[in-house]
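Please consult the sequence and structure shown below while reading.

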Amino acid sequence: MSDVSRHHRTAAVIPAAGRGVRLGPGAPKALRALNGTPMLVHAVRAMAASRAVSLVVVVAPPDGAPEVKRLLDAHSLPERTDYLVVPGGDTRQASVRLGLDALPDDIGTVLVHDAARPLVPVETVDAVIEAVRDGAPAVVPALPLADTVKQVEPAGKDEPEPVVATPDRAALRAVQTPQGFERETLVRAHATVTDNVTDDASMVEQLGLRVVVVPGHEEAFKVTRPLDLVLAEAVLARRRATDGF
């Protein structure tokens, strides 16, 4: 394998150690069934659908790695893509860091993808990878906002919150995953930034490095509430009807 090929090998890290309490009691969110198949399997398949992704690292609940490994072994995945399952940490940030620690040395580009975004199209995955390979240290897929956004002064539970500003939504984007990174950049961000952050790109921002946006996709929504499961089932039904998915 040439040095160029090694530099361009891409891995996806999927943190899947959360409980997903907003979906209600039961299995962890990533293991909830979607059209009879766990969401995590859909998410792994979404990453593996890209021919550029050669490895998927799933970060399981700390005590659930053997169960997740058995789960993935029981479902068909593209043969060209390897996968690993490693135990996660107490936070998403810790889990991503453990996933990075498991990567082989020949990975140059890293995707970080939410297990709760099981239906992201391969075109979005490829667009993120291409932007990293074109020189961006960090890339996020995102969509323009359809709703007006209000900035409020937080109040107590069930109390009205006063509006303090109405940002111009033309300059705002709703960020999705997978987020893509130069490996060295993401490793440095996780070694440097100790704040509890909501996504990995914001860690790179804190390093003072450039983060760029590529178009996201409406089907890359996050399954968080029971209603999202209904929408995800509808998307899969449409794919089966139109694409033979």
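A residue is called exposed when its relative accessible area is over 50%, and buried when that value is under 20%. The model discussed here is predicted.

## Helix α8

Helix α8 comprises 18 residues, 226–243. From its first C-alpha to its last it reaches 26 Å, close to the 26 Å expected at 1.5 Å a residue.

D228, L229, A232, V235, L236 and R239 are the buried residues of α8. They lie on the same side of α8 because they cover an arc of only 120° around the axis. The cover over these buried residues includes β2 (33–34) and α2 (39–48). On the other side of α8, the residues L227, V230, A241 and T242 are exposed.

## Helix α3

Helix α3 spans residues 65–73, and A65, V68 and L72 are buried in it. These residues cover an arc of only 65° around the axis, which puts them on the same side of α3. An α-helix has 3.6 residues a turn, so residues three or four places apart point the same way.

Among the elements that cover the buried residues of α3 are α2, β4 (53–60) and β5 (82–87).

## Packing of α4 and α6

Helix α4 (residues 92–101) packs with helix α6 (residues 183–192) at an angle of about 135°, and their axes are 11 Å apart. The two helices, α4 and α6, are therefore oblique to each other. The crossing in which α4 passes α6 is left-handed.

Where α4 and α6 meet, Q93, V96, R97 and L100 come from α4, and R183, L186, V187 and H190 come from α6.

Note on methods:
Residues are numbered from 1 along each chain as its sequence is written. This is a predicted model: local features need pLDDT of at least 70, side-chain atom pairs count only at pLDDT 80 or more; totals for chains, interfaces and linings use all residues. Side-chain values use heavy atoms; hydrogens and water are left out. Helices (H or I, at least four residues) and strands (E, at least two) are DSSP runs, numbered from the N terminus. The expected span of a helix is 1.5 Å times one less than its number of residues. Buried means under 20% relative accessible area, exposed over 50%, partly exposed in between (1.4 Å probe, protein chains only). The arc is that of the directions from the helix axis to the C-beta atoms. Contact means heavy atoms within 4.5 Å. Axes are lines fitted to C-alpha atoms, for helices over the stretch in contact, and angles run from 0 to 180 degrees between N-to-C directions. Angles under 35 degrees count as roughly parallel, over 145 as roughly antiparallel, 65 to 115 as roughly perpendicular and the rest as oblique. A crossing is left-handed if the near helix is turned anticlockwise from the far one by less than a right angle, and right-handed if clockwise.
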